[in-house]
Amino acid sequence: MSQERRYSFEFFPAKTEAGHAKLLATAHQLASYQPDFFSCTYGAGGSTRDRTVNTVLQLDSETKVQTAPHISCIGDSKADLRVLLSHYKQAGITRIVALRGDLPSGMGMSSGELRYANDLVGFIREETGSHFHIEVAAYPEMHPQARNFEDDLANFVRKAKAGANSAITQYFFNADSYFYFVERVRKMGVDIPVVPGIMPITNYSKLARFSDACGAEIPRWVRKQLEAYGDDIESIQSYGEQVVSEMCERLLQGGAPGLHFYTLNQAEPSLAIWNNLKLPR
Ligand code: FAD
């Protein structure tokens, strides 16, 4: 495993021209911090296919920061995925984040020919050999649909064995859950880097809704303090920045191989943490 730490920023493809302009401005600002890569999400079932492809290629060429598309298998056929992979390969993209994805409600979970992310990783390897550096998702607090924690660990191991090079975690606010997850997968013989995914806290109600859906726990002491701030956005952000920065410091001190920021297309919340940590520029 490489001892070098890596830092990355994640975006989502914007729906409007104004949103896209904001995303570009954010990416250019973050590019000056020389991250190792950017990544851009993908709507499962191909709902953002064109926007993801266009955003990835534009960020990659304009910011000079290597940009990794997310790609998901649920709801996409092998033929669709083959076209997408070949397009990225020809465009010089060399890193990819491979996921199962979540279909919008109403679409059956079994649609698509590849059912789980480990199938997708295997498919990418079959189709493109070692061309792509493949990232997969990791869940220190367990994926919400997993039968139990042990099954979810076994799934992570399957993804690594299928050919993933490294992993990015779902966000969490409890460093111990990360350390425990890494310790467990190491004991299971997996040595790929597992990079913590970091969610800056900017809006409590949105964060609470999203965390419920994706199974990330906001510790009670953090939740109660955030609730106490009510509509005082400034206090929420400043407290959130302090809590997340302190957690990141612990993660890095404890050996985390880098950080991946969920930017939600905003530069300032991630940069505030970056600067608090005095990360390299
Ligand atoms: P998998 O690893 O396939 O796991 C999904 C579930 O199935 C888990 O509960 C697992 O334990 C279980 N499982 C796996 N194999 C089996 C098996 N053989 N039998 C029974 N159960 C099994 N979503 C998007 O739609 N677009 C994105 O761009 C996107 N980006 C993300 C980036 C990161 C870093 C992370 C952490 C998540 C992202 N997601 C994205 C969300 C992700 O798609 C969802 O969490 C999804 O529900 C699971 O995807 P996965 O790749 O982890 O799936």
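Biologist: What joins β1 to strand β2 (residues 37-40), and do the two run parallel or antiparallel?

Modeller: In this predicted model, 4 bridges join β1 to β2, and the two strands run parallel. One of the facing residues is Ser 8, which stands opposite Phe 37 in β2.

Biologist: Which strand does β1 join through 5 bridges?

Modeller: That strand is β8 (residues 258-262), and β1 and β8 run parallel. Within β8, Tyr 262 is the bridge partner of Glu 10. With 5 bridges, this pair also meets the requirement of at least two.

Biologist: Why is strand β1 called largely enclosed by the rest of the structure?

Modeller: Because 6 of the 6 residues of β1 (residues 6-11) are buried. The cut-off for buried is under 20% relative accessible area.

Biologist: What makes both faces of β1 covered?

Modeller: In a regular strand, side chains alternate between the two faces of the sheet. On one side of β1 sit Arg 6, Ser 8 and Glu 10, on the other Tyr 7, Phe 9 and Phe 11, and all of these are buried.

Biologist: Why is Ile 192 called buried?

Modeller: Its relative accessible area is 10%. The limit is under 20%, so Ile 192 is classed as buried. Ile 192 is found in the loop between α6 (175-187) and β7 (194-198).

Biologist: How many residues separate Ile 192 from Glu 127 in sequence, and what is their distance in space?

Modeller: They are 65 residues apart in sequence and 22 Å apart in space, C-alpha to C-alpha.

Biologist: How do you know that the radius of gyration of the protein chain agrees with a compact globule?

Modeller: For 281 residues, a compact globule would have a value near 19 Å; the protein chain has 18 Å, so the two agree. The C-alpha atoms fill a box of roughly 50 × 45 × 45 Å along the principal axes.

Biologist: What percentage of the protein chain counts as buried, and what area does the chain expose?

Modeller: Of the 281 residues, 52% count as buried. The protein chain exposes about 13,100 Å², with carbon and sulfur atoms supplying 48% of it.

Biologist: What are the numbers of helices and strands, and of positive and negative side chains?

Modeller: The protein chain has 10 helices and 8 strands.

Conventions: Residues numbered from 1 in each chain as written. Predicted model: local features only at pLDDT ≥ 70, side-chain atom pairs only at ≥ 80, totals over all residues. Heavy atoms only, no water. Rg over C-alpha atoms; globule rule 2.2 N^0.38 Å. Buried < 20%, exposed > 50% of the residue type's maximum accessible area, 1.4 Å probe, protein only. Areas by Shrake-Rupley, 256 points an atom, 1.4 Å probe, with all protein chains shown as cover.
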